[in-house]
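Here is a note for a colleague who is meeting this structure for the first time. Please keep the sequence and the 3D view open while reading the numbered points.

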Amino acid sequence: MRTFKIGGIHPNDAKLSAGVAIEVMPLPLQVSIPVAQHIGAPATVVVAKGDKVKAGTLIAQATGFVSANVHSSVSGTVAKIDNEPDASGNRRQVVVIDVEGDEWEENVDLKGDFKRTFNLSSEEIIAKIKDAGIVGMGGATFPTHVKLMPPPGKVAEVLIINAVECEPYLTSDHALMLEHADEVLIGVQLLMRAAKVNRAMIGIENNKKDAIKLLQEKASKLIGIEICPLRMKYPQGSEKQLIDALIGRQVPSGALPIEVGAIVQNVGTAYAVYETIVKNKPLVERIVTVTGQSLAQPKNVLVRIGTPMSALIAFAGGMPENTGKVIAGGPMMGRAVVNVDAPIQKGSSGILLMPEALSERVEMDNCIRCGKCVSVCCMGLQPYLLMNLVEKKMWQEAEQEAVYDCLECGSCSFTCPAHRPLLDYIRYGKSTVMRIMRERSAKK
Amino acid sequence: MNIILISVIVLGVVGIFSATILYFAAQKFKVEEDARIDEIEAVLPGANCGGCGYPGCRGFADACVRSLEGKLCPVGGSAVMNKVAAILGAEVSAADPMVAVVRCQGSCEHRAKTNRYDGAKSCAIASALYAGETGCSFGCFGLGDCVGACQFGAIAMGADGLPVVDDDKCTACGACVKACPKNIIELRKKGPKSRRIYVGCVNKDKGVVTRKACSVGCIGCMKCQKECPFEAITVENNCAYIDFTKCRLCRKCVAVCPTHAIVEKNFPPKKEVSEQV
């Protein structure tokens, strides 16, 4: 079975909510929808206080090429447009909407007949994706329409669908594939047409055998779609690692996957594309895994964007008393949440409630040069060295050691026997070095 | 014997020949350097801290020779500048000594913690991750990046978790200003007898939000701006700022500030004049 070549770790996958059916979350009383839920420029608000909106109404317009539209996820009245603390505690602009009923925009066809043939051209599909504000649903939230338009001179050969879900605990993609396999495959076909490729590979880790079997059955009737089971290894869900695992090509440092002829999209994105093209439904809801070892009912929930995390936690049985940290995303790459009333966003794949005993950091010790971090680094970096360089603020040397290549998977911190916060330092070094590099290229 | 003689003669001739070339080359390509640069460098502290904005003490000395206008060695202060001026035979323009000021008073007592940070002990790293341990996303992290940046041992963490600047040791080199990811530390005029007034808060949230997060935060109520007779105070983005070039240390703003966000340093206790009248 295939996997990527360099580094990687095997954390306990703890998929507590695997096989749990998707539940629809009841509408909250109020949603607060951030205007910056994607990488790139924040969208500009186009509604005012007191406006009536329906589910699917555009509330913020994309500004610039790398940006995405934001739509209302509920029907109701705009209560205020204000800066509210997000999950990290920093204040960001949000549109707060009081929920009244559940009315959708007229052109949204909620039933959606099960079409399999489309007469849309690549440009038409991309335009619709852009209007619907679809972004990478795996968590990176890069606007999808930008990815589907390769820069001049580059040709895409293969569409890679990321259904790896290598983060422990998370099961939202798994649940999606089990319950909406047909829709996902239509979404993949639409993405293939948009990217003008005739070959798609869906990479799934081998701990989701039922999903692999189901998709293989359904895809056997379709041309050009290949289901590829992958050996379990973290961080296989990273773009560069997945390309290496599936087609054996290495994306050069600093380059995009299109350099080796690949376009990578998340399986959740494929489903969102299906919803947009067939049902005319913009991206206003997503499946979120709510999980944790002490949580009463770990589950996969279909939830409207803008719902407070606290409502979702309450829906899954309430916050356990021994909770030490609430993490947005998975335990490896997710971030600890400071404010549990922060809203669910387009890129929120899960909420993880870590018991105190598991979430506490251990006191750091001296580096014993065991080299474990070097052997697990999937980008072939030397994390122990990078941490030292960043500690001493030796930015030039850190740049020579390619600190900018780090994808922040956290394997080094996970494996370090001295519990050194390697990733914390490397992430800081990466952002500083990249800033220095940008300033330098701006000067030229 | 012959061999030794020949080698001595050959090497001697080569040596004399090379020396002649070097002599003329040195004459032709001589770099004219002001001898005063060396003299000035000798009286400078030699810390090469870069606080003056020039690359090390020699760079500063070179700049002084060209023009003394507005030059100040932050480490040596006026004593050193007088010596420099004596070497150059010029009058030194009296520059105000500066000092680093921490514009946050959000100790644990005033600013309740809402979460606990257990990551790497560095303000820069914490600030890249999230807003901070309290409801205020502008205030001091208390992880001591400024302490580490100070070459003169002038900053230490106080008992209340906020950095304390030692006025006597601070040379206003500005290293801590650069190290603080929240831009809390500012270089301000030291003032007569180290007396100075500044707004001890940089919170730009609305007054209600600030008040909820911290009991000594600036809520942008504009009272100080109206009170100031010298138009030294401006309120921008819900936060007041005192221009130290205009402030005349009358302390009227301190009295009207409802949250005690304005700090007065090193003043003698106020006489209770008004009550007696």
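How many Å apart do the C-alpha centres of domain 1 of chain A and domain 2 of chain A lie?

1. The model is a predicted one, and the point above can be answered from it: the C-alpha centres of domain 1 of chain A and domain 2 of chain A lie 28 Å apart. The domain assignment of chain A places domain 1 at residues 122-279 and domain 2 at residues 372-443. Five residues from domain 1 of chain A and six residues from domain 2 of chain A take part in the contact, and the side contributed by domain 1 of chain A consists of two nonpolar, three polar and no charged residues.

2. Chain B is likewise given two domains by the assignment, with domain 1 at 35-88 and domain 2 at 98-269. The centres of domain 1 of chain B and domain 2 of chain B, taken over C-alpha atoms, are separated by 31 Å. In this chain, five residues of domain 1 of chain B are in contact with six residues of domain 2 of chain B, and the side of domain 1 of chain B that touches domain 2 of chain B has four nonpolar, one polar and no charged residues.

3. As for the two chains together, 14 residues of chain B are in contact with 14 residues of chain A. On the side of chain B that touches chain A, there are seven nonpolar, five polar and two charged residues.

4. The largest nonpolar core has 200 residues, and those with the most contacts inside it are A:I160, A:I161, A:V188, A:I202 and A:L312. Helix α4 of chain A, residues 181-195, supplies the largest share of this core, with nine residues. If residues up to four places away in sequence are left aside, A:I161 touches A:V188, A:A200, A:M201, A:I202, A:G203, A:Q265, A:V267 and A:A270.

5. Helix α5 of chain A, residues 209-219, has A:A211, A:I212 and A:L215 among its residues, and these three are buried. Seen down the axis of α5(A), its buried residues fall within an arc of 100°, so they line one face of the helix. The face of α5(A) turned away from that buried side carries the exposed residues A:K209, A:D210, A:K213 and A:E217. The cover over the buried residues of α5(A) includes α3 (172-179), α4, β10 (200-205) and β11 (225-230) of chain A.

6. Strand β13 of chain A, residues 285-291, is largely enclosed by the rest of the structure, because seven of its seven residues are buried. In a regular strand, side chains alternate between the two faces of the sheet. Both faces of β13(A) are covered, with A:E285, A:I287, A:T289 and A:T291 buried on one side and A:R286, A:V288 and A:V290 buried on the other.

7. β13(A) pairs in the antiparallel sense with strand β14 of chain A, residues 299-304, over six bridges, and in β14(A) the bridge partner of A:R286 is A:V303. Three bridges join β13(A) to strand β17 of chain A, residues 350-355, and these two run parallel; in β17(A), A:I351 is the bridge partner of A:V290.

8. An open sheet of three strands, with antiparallel pairing, has the order β3-β5-β6 in chain A. Its edge strands are β3 (44-45) and β6 (70-71) of chain A, each of which pairs on one side only. β3(A) and strand β5 of chain A, residues 58-61, pair over two bridges in the antiparallel sense, and the bridge partner of A:V45 in β5(A) is A:A60.

Methods
Residues are numbered from 1 along each chain as its sequence is written. Chains are lettered from A and ligands numbered from 1 in the order in which they are written. This is a predicted model: local features need pLDDT of at least 70, side-chain atom pairs count only at pLDDT 80 or more; totals for chains, interfaces and linings use all residues. Two strands pair if DSSP finds at least two bridges between them. Helices (H or I, at least four residues) and strands (E, at least two) are DSSP runs, numbered from the N terminus. Domain bounds come from an automatic or database domain assignment. Two residues are in contact if their C-beta atoms, placed from the backbone, lie within 7 Å. Ala, Val, Leu, Ile, Met, Phe, Trp, Tyr, Cys and Pro count as nonpolar, Asp, Glu, Lys and Arg as charged, and the others, Gly among them, as polar. A nonpolar core is a set of buried Ala, Val, Leu, Ile, Met, Phe, Trp, Tyr and Cys residues joined through C-beta atoms within 7 Å. A residue is buried if 20 or more other C-beta atoms lie within 10 Å of its own, exposed if 12 or fewer, and partly exposed in between; C-beta atoms are placed from the backbone. The arc is that of the directions from the helix axis to the C-beta atoms.
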